[in-house]
Amino acid sequence: MTQPRTVLVVGGGAAGNAVTILLRRAGLAVDLIEAKDDWNATAGSGITLQGNALRVLRELGVWEQVEASGYAFGSVGITTPDGTVLHVQDDLRTGGDDLPATVGMQRPRLQQILIDAVRASGASVRLGTRAKSLDQDADGVTARFTDGTEGRYDLVIAADGLSSATRAAIGITARPEPTGMAIWRVAAPRPAGVVRTDLAYGGPAYIAGYCPTSEDTIYAYVVESNRDRASIPPETYAEEMRRLASAYGGFWPEITEHITDPAKVNYTWFDRMLVEGSWHRGRVVLVGDAAHCCPPTLAQGAALSLEDAFVLAGMLTASDTWDEALFQGYYERRIRRVRPVVEASVQIGRWQLDGVRDADVPGLMGRTMAMLRELP
Ligand SMILES: Cc1cc2nc3c(=O)[nH]c(=O)nc-3n(C[C@H](O)[C@H](O)[C@H](O)COP(=O)(O)OP(=O)(O)OC[C@H]3O[C@@H](n4cnc5c(N)ncnc54)[C@H](O)[C@@H]3O)c2cc1C
């Protein structure tokens, strides 16, 4: 009997977990290493999952759990800063008509669902572990780990996110660049009337928005220009977000009451990155934020990362030969779809930074989301 092919997955976020589940299902031997001891099981506030993300989650076999834990909706409201609803736009069902357009979820809940599915897949998982070195030859990759062990693999999948050490280790020099915007985020109880995402444009920030993440919870966010992180001590995060949020009406006064614990408020800059030319070097290949990232103006980062995992796993399991042509084919297939999303996501933020009032934001959003309805 031939030995199953062996894969090392570096990083257990959405992309790494998804590719692990799919490769294990095809009978490959997968080792997953994750830097964080707790596998990021409690990190983050909320996430907006568009239909094309849900389509991959269904392929992973976790759609029922996602549906039961999250909050499905199908439209977005545009409001004035005082909360007056100007327009309600139906969201496009990018995952097909049999899935909701959008599901809001608490990030820790999504991560736990994926962790459970990775565990059930039989992958070997090591937490608190990184790769110290990756040495390639024509047949495979020898990885040496921070826990003193080593392993030999047919393929290494770098799913270690935006600041990927694996990307740097294989000589890809692309780095995330700030777009000029930053976001304050917090989880809060769901006001009874919040049944979809509403976005307020104007006021002291570019956008103030919220998304229901379960029957009981939402996540709320305020987007403004980048500030020097050193000038905002973390112990003032709640105060800073409350100050911005208190300028908004509608459901915001109720939400703002819960912005009290600085440890529960997240402040982060928006970044942009797109690795060009190819997403591999030899037998090490990038997926997810390690290959591309965009500001969440279209809420597509995790969706594209899940799609990468789905496409790569499909190509790997369909082929007896893992060679240059396969990895380049993966890049060509993904870049056609990822580039327009990254560019549109950056453009939407740029228009706001530049104060362009007559920009065709709905048109650009509509064209991009229509493209995403096609299978990846
Ligand atoms: C403010 C903000 C809001 C967003 N909102 C949305 C949204 O609403 N919808 C959406 O679809 N996307 C959204 N995104 C994007 C989304 O979060 C990312 O695209 C997605 O998390 C990428 O998944 P990933 O698995 O590639 O990387 P990550 O989620 O970053 O996972 C990488 C994993 O690798 C681990 N790791 C790192 N280095 C190493 C190492 N050396 N060795 C081993 N493990 C390592 C990390 O601990 C982590 O677990 C948002 C992003 C931001 C910044």
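Modeller: A residue is called buried under 20% relative accessible area, exposed over 50%, and partly exposed in between (1.4 Å probe, protein chains only). The model is predicted, so local features need pLDDT of at least 70 and side-chain atom pairs count only at pLDDT 80 or more, whereas totals for chains, interfaces and linings use all residues. Residues are numbered from 1 along each chain as its sequence is written, and side-chain values use heavy atoms, with hydrogens and water left out.

Colleague: Which residue meets Arg 152 in a salt bridge?

Modeller: Arg 152 is partly exposed at 38% relative accessibility. With 2.8 Å from N to O, the partner is Asp 137.

Colleague: How many disulfides does the search of the whole structure find?

Modeller: A disulfide is a covalent bond between the sulfur atoms of two cysteines; here it is identified as a pair of cysteine sulfur atoms within 2.5 Å. The search of the whole structure finds zero disulfides. For Cys 293, the nearest cysteine sulfur is that of Cys 294, 6.6 Å away. The number of disulfides found is thus zero.

Colleague: What area is buried between domain 1 and domain 2?

Modeller: The domain assignment, automatic or from a database, gives domain 1 (6–71 + 107–176 + 272–373) and domain 2 (179–271). Buried area is the accessible area (1.4 Å probe) that two parts lose on being put together, summed over both. Carbon and sulfur atoms give 61% of this area, which is about 1600 Å².

Colleague: Which three residues supply 42% of the area that domain 1 buries against domain 2?

Modeller: The contact (heavy atoms within 4.5 Å) takes 20 residues from domain 1 and 21 residues from domain 2. Between the two domains, the count of salt bridges is zero. The three residues that supply more of the area on the side of domain 1 than any other three are Tyr 71, Gln 352 and Leu 353.

Key: Salt bridge = Lys/Arg side-chain N within 4 Å of Asp/Glu carboxyl O.
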